[in-house]
Amino acid sequence: MKDLIRKAKIEDAKKIAAVVATAWQETYRGIVNDEYLDNLTNEIPNMTERYIKKIKEGVDLVLVLEVDEKIVGFTSYGKAKNEEKYPSYGEIYALYIIDGYKGLRFGKKLVIEAAKGLINLGYKEMVIGCLVGNPSNSFYKYLGGIKKDKAIFKRAGQDLDENYYYYDNIKSLVKK
């Protein structure tokens, strides 16, 4: 397997949207309502437009994971969305990898590359949110994240509980 993590290009937007739809369907069954998950494939055109905008504007920085030249995951990051609560923190907004590529250290590689990007933006600390019930909660703890906070994530007509993991020294994370 040959893997590459690189900055997303506009022409990647549809593949990123497909990764989001697939990863949500694979990961959030039993957490998010089935009707929403079943209709995600129909949302790929709208998600594609949102990712084109994010990539063009560069407000959310987006990296893709290619394995054997196929996009199978991605991450996006930047300034923490909740500036009031996390004024000096960067944030990894999203990290998705489709089944078949999980458990192969690609998630760790994506987190480290996003952390490097945040360091380059001047951040020393970061947060990552993860829905309660998502198996990735243990992954974020394994990487040294400390669960210090919870929030409500509104999606699919639901109020979903989300754990927030803090990394107070992202330079040490990069060295792992």
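Trainee: What is Ser76 in contact with, leaving aside its neighbours within four places in sequence?

Mentor: In this predicted model, Ser76 is in contact with Leu61, Val62, Glu91, Ile92, Tyr93 and Ala94. Ser76 itself lies in strand E3, residues 70-79.

Trainee: Why is Ser76 called buried?

Mentor: Buried means under 20% relative accessible area. Ser76 has 2%, so it counts as buried.

Trainee: How far apart are Gly90 and Lys124, in sequence and in space?

Mentor: They are 34 residues apart in sequence, and 7.8 Å apart in space, C-alpha to C-alpha.

Trainee: How do you know that the span of helix H1 agrees with what it should be?

Mentor: The expected span is 1.5 Å times one less than the number of residues. H1 covers residues 13-27, which is 15 residues, so it should span 21 Å. Its end C-alpha atoms are 21 Å apart, so the two agree.

Trainee: Which residues of H1 are buried, and what covers them?

Mentor: The buried ones are Ala13, Ile16, Ala17, Val19, Val20, Ala21, Ala23, Trp24 and Thr27. Their cover includes helix H2 (34-39), helix H3 (44-57) and strand E2 (61-67). Strands E3, E4 (89-97) and E6 (146-155) are also part of that cover.

Trainee: What makes E4 and E5 a pair?

Mentor: Pairing takes at least two bridges. E4 and E5 have four, in the parallel sense. As one example, Ile92 stands opposite Ile128 in E5. Together with helix H4 (residues 106-120), these two strands make a right-handed β-α-β unit.

Trainee: What about E5 and E7, how many bridges do they have?

Mentor: Six, in the antiparallel sense, with E7 running over residues 158-167. Met126 stands opposite Tyr167 in E7, and the bridge partner of Leu131 is Glu162.

Trainee: Why is E5 described as mostly covered?

Mentor: Look at the count: five of the seven residues of E5 (125-131) are buried.

Trainee: What is the order of the strands in the sheet?

Mentor: The seven strands run E1-E2-E3-E4-E5-E7-E6 in an open sheet with mixed pairing.

Trainee: What makes E1 and E6 the edge strands?

Mentor: Each of them pairs on one side only. The twist averages 25 degrees from one strand to the next.

Trainee: Which strands does H4 touch as it packs on the sheet?

Mentor: H4 touches E1, E2, E3, E4 and E5, and its direction makes about 150 degrees with that of E4.

Trainee: Which residues have the most contacts inside the largest nonpolar core?

Mentor: Val32, Phe74, Tyr96, Met126 and Tyr167, in a core of 54 residues. H1 gives the largest share of this core, eight residues. Apart from that core lies another, of six residues, among them Tyr89, Val127, Tyr164 and Tyr166.

Technical notes
Residues are numbered from 1 along each chain as its sequence is written. This is a predicted model: local features need pLDDT of at least 70, side-chain atom pairs count only at pLDDT 80 or more; totals for chains, interfaces and linings use all residues. Side-chain values use heavy atoms; hydrogens and water are left out. Buried means under 20% relative accessible area, exposed over 50%, partly exposed in between (1.4 Å probe, protein chains only). Contact means heavy atoms within 4.5 Å. A crossover is right-handed if, with the strands pointing away from the viewer, the path from the first strand over the helix to the second runs clockwise. A nonpolar core is a set of buried Ala, Val, Leu, Ile, Met, Phe, Trp, Tyr and Cys residues joined through side-chain atoms within 4.5 Å. Axes are lines fitted to C-alpha atoms, for helices over the stretch in contact, and angles run from 0 to 180 degrees between N-to-C directions.
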